[in-house]
Amino acid sequence: MPSTTPSPATSTSLERSALLVTTLTSFLGPFMISSVNVALPAIQADLNLTAIQLSWVATAYLLAVTVVVLPTGKIADIYGRKKVFTAGLAIYTLTSTAAALAHSSAWLLACRAFQGAGAGLFITTGMAILTSIFPPHKRGRAIGIYVAAVYVGLSVGPFVGGAMVQQFGWRSIFWIMLPLGAGSVAITLAYLRGEWAGTPGQRLDIAGSLIYAIAILALVYGASELPSLRGTILAVIGLAGLFTFFHQQQRTTQPLFEVSLFTTNRTFTFSSLAALLNYAATFAVTFLMSLYLQYLKGMPPRSAGTLLMIQPVVMAIFSPLAGRLSDRVEPRLLSSVGMAVTVVGMLVFSQLHPSRNDLVGIGCNLVVLGFGFALFTSPNTNAIMGSVAREHYGIASGAVATMRLLGQMVSMTTATVVLALLVGHETIGPANFDRFLQSIRTVFLISALFCTVGVFCSLSRGRLRPS
């Protein structure tokens, strides 16, 4: 189909418009995620959810995003990134509003899944639009600002979400998405001029999309049901499905994902693995610490949210600086140092105990984690996007989102499995606080291990720029 693809020398006004639109919309998803994490105890009390169901409030959203991001990258390359971007915002806004009306766990989880599907559409295409418009020597700065907007959402979410839950109830978090989402759609249509399609005329690999979706669904749901026989069978089916998907993509003429990027591009491969491991280690931090502070430390939602916003504020401050620095310094060096700093933060949190008066220490460690994550993310994303040709920007952007979301899924699945093994299908309360604390410590130790492996992946990627 016809499309207008701007050259690397796109006008400054278009660059500014694209940066404005994508950074505004990149705020929405993280704001919702961090707000919902603070609202979980209130949701549990209202809908009478078990510990496992509570974890699925976050997991259902992430699972849906993970399923759609990979085909979204290809669809956007074929039909246009702006079209997909706008459609995702519309779906996200409508389903967020529906979630505010939920009166059962099934309704809420279904809305969270559709909300995640909408988020997957604009998460994937936002990064691809930026990369299409900004030339290489400006790309790191633009990505850094984009990532900072994500962290602003994460920063504002706990504080604003906690205050809203305390004053107006948990449903207010979903209601606020109606004006924010509708406003973002209006801004996109008004200011993001043009269209970008990397490979118009190709066809979507429907078979590959179905295999990938079934594999991810079986793997994640199966892992949440471990150690039951049903959970084991589903997890095995999921792993077999991913193996089948990998080989099917090698044989098809128009693959959903260019497997060759992993088999022939060392920088792309190890940067993607590093991203997967980093998110697998870090995503459950806010989920676990929100429950820890409210259940075991007895903090109200607003106070817990205020403390938890420290980490994303630090990320928002340092991400643009790290992105700009990665335009001049090898990304692998910056990212590896950031990952190593994160290991230290995870080990500190593995020693949490509610009897200690350690809120200052928790705040300081959130600063450490925020700095480590900021130092890793922007340079690593710059390395991934800078290692592929222009016609693969959509696919590479989808890969960035996929690695991030698979990592987040691993993080939440790890937390869910540990909770299932140590707490079981019970409501969190004083009777199981000791097992709940053991679960938190265990997850943080596993996270430290993920980051340790990630340091070696980050160092193994090779140089992005020639000597």
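Phe-318 has a relative accessible area of 31%, so this residue is partly exposed (buried is under 20% relative accessible area, exposed over 50%, partly exposed in between, with a 1.4 Å probe and protein chains only). The model is predicted: local features need pLDDT of at least 70, side-chain atom pairs count only at pLDDT 80 or more, and totals for chains, interfaces and linings use all residues. Residues are numbered from 1 along each chain as its sequence is written, and side-chain values use heavy atoms, with hydrogens and water left out.

**Aromatic pairs**

The structure contains nine aromatic pairs. Rings of Phe, Tyr and Trp (its six-membered ring) pair if their centres lie within 6.5 Å; planes under 30 degrees apart are stacked, over 60 edge-to-face, the rest tilted. Two of the pairs are tabulated here.

| Pair | Centre to centre | Angle of planes | Class |
|---|---|---|---|
| Phe-318 and Phe-371 | 5.1 Å | 85° | edge-to-face |
| Phe-349 and Phe-444 | 5.3 Å | 40° | tilted |

Phe-318 sits in helix H15 (residues 310-325) and Phe-371 in helix H17 (residues 359-386), so their pair ties together parts 53 residues apart in sequence. Helices are DSSP runs (H or I, at least four residues), numbered from the N terminus. Phe-371 is partly exposed, at 32% relative accessibility.

Phe-349 belongs to helix H16 (residues 331-349) and Phe-444 to helix H19, so this pair links parts 95 residues apart in sequence. Both Phe-349 and Phe-444 are buried.

Ring pairs also join Tyr-295, Phe-433 and Phe-436 into a cluster.

**Ser-458**

Helix H19 spans residues 433-459 and includes Ser-458. Ser-458 counts as buried because its relative accessibility is 0%. Its side chain makes a polar contact of 2.8 Å with the side chain of Ser-336. A polar contact is a pair of N or O atoms within 3.5 Å; within protein, one must be able to donate a hydrogen and the other to accept it, and residues adjacent in sequence count only if both atoms are side-chain atoms. Neighbours within four places in sequence aside, Ser-458 is in contact (heavy atoms within 4.5 Å) with Ala-274, Arg-332, Ser-335 and Ser-336.

**Cavities**

A cavity is a set of points on a 1 Å grid over the protein atoms alone where a 1.4 Å probe fits but cannot get out; lining residues have an atom within 4 Å of a point. The whole structure has three cavities of 30 Å³ or more. The volume of the largest cavity is about 640 Å³. It is lined by 41 residues, of which Val-150, Leu-154, Tyr-279, Arg-404 and Gln-408 are closest to its centre.

Technical notes: Helices (H or I, at least four residues) and strands (E, at least two) are DSSP runs, numbered from the N terminus. On a 1 Å grid over the protein atoms alone, a cavity is a set of points where a 1.4 Å probe fits but cannot get out, and a pocket is an open set with protein on both sides within 12 Å along at least five of seven lines; lining residues have an atom within 4 Å of a point. Grid points are joined across faces, edges and corners, and a volume is the space filled by probe spheres set on the points.
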